Amino acid sequence: MIWLATTLIVFYCARFLSKKIHHPVINPVLICLLVIIPLLMWFQVPYTTYFEQNQWLNALLEPAVVALAFPLYEQLGQIKQKWKIILSACLAGSVLSMVFGAAIALSLGMDEQLAASILPKSVTMPIAMAVSDQLGGMPSIAAVMVIMAGLFGAILGYPLFKLFRINSPMARGLTIGTVSHALGTAKAAEENHQEGAFGSLALVICGVITSLLAPVIYPLILALFH
């Protein structure tokens, strides 16, 4: 179980560092990737071995996502009052994320399989992998794109909010939950419990929207580029 211990040690060291140095780039997930991937390559450890030794951590992902429902429950009153704005924002964000992701990929000369893998990048990993597979993409590439989207949101989201003077907890939470799924939502929850609640709400709604609309939107994008 050496790699389970390594993962935990690296993560907690990264968390300690991120609390001491308040900078967007000092992100625990990013630091773990930058440390663990070179170690795996150096010792020539296959990913299957690493995954098997960390299966307990992987099993904790589902209850961790469910735990996000608690701050969501605390904001139930605001959600009932502003459900039209919330649904509209999530719908617009999901559609634009899918369209721009696939369109940019195709315009850069990537094949349809890669475009299908990139299209669902802004939703949580299980949904993104399932949607990608349904569209003829590669779930493994979709998983990588999900991690990248989450890291970009967690690292750049709050500096951009500050730059554009976006101070509303609802606007921040919905934005980061829509484009950066669980990683962005975790960052939002660290910053403000209201933002974490709206982020988790957007995470769920956008996952449903992407699952339903991706099979309709993707053929339309292909038709435009053909």
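**Note on an all-helix predicted model**

1. Glutamate 195 lies in helix α13. Helices (H or I, at least four residues) and strands (E, at least two) are DSSP runs, numbered from the N terminus. This is a predicted model, in which local features need pLDDT of at least 70 and side-chain atom pairs count only at pLDDT 80 or more, while totals for chains, interfaces and linings use all residues. Residues are numbered from 1 along each chain as its sequence is written, and side-chain values use heavy atoms, with hydrogens and water left out.

2. Is glutamate 195 buried or exposed? Glutamate 195 is buried, with a relative accessible area of 5%; buried means under 20% relative accessible area, exposed over 50%, and partly exposed in between (1.4 Å probe, protein chains only). Leaving out residues up to four places away in sequence, glutamate 195 touches Tyr158, Pro169, Arg172, Gly173 and Ala188. Contact here means heavy atoms within 4.5 Å.

3. The chain has 13 helices and 0 strands. Its radius of gyration is 18 Å, close to the 17 Å that the globule rule gives for 226 residues, so the chain is as compact as a globular protein of that length. The radius is taken over C-alpha atoms, and the rule is 2.2 Å times the number of residues to the power 0.38. Along the principal axes, the C-alpha atoms fill a box of roughly 45 × 45 × 30 Å.

4. Buried residues make up 40% of the 226 residues. Of the contacts with a separation of 6 or more, 69% are between residues 24 or more positions apart.

5. The largest nonpolar core has 15 residues, of which Leu119, Leu135, Ala214, Tyr218 and Ile221 touch the most other members. At least two residues of this core come from each of α8 (83–107), α9 (112–118), α10 (125–135) and α13 (193–225). Helix α13 gives the most, with 5 residues. A nonpolar core is a set of buried Ala, Val, Leu, Ile, Met, Phe, Trp, Tyr and Cys residues joined through side-chain atoms within 4.5 Å.

6. Which residues does tyrosine 218 contact, leaving aside its neighbours within four places in sequence? They are Glu112, Ala115, Ala116, Leu119 and Leu135. A second, separate core of 12 residues includes Cys90, Phe198, Ala202 and Ile205.

7. On charge, the chain has 11 positive and 9 negative side chains, and the centres of the two sets lie 17 Å apart. Lys and Arg count as positive and Asp and Glu as negative, with His and the chain ends not counted. The place of a charge is NZ of Lys, CZ of Arg, CG of Asp or CD of Glu.
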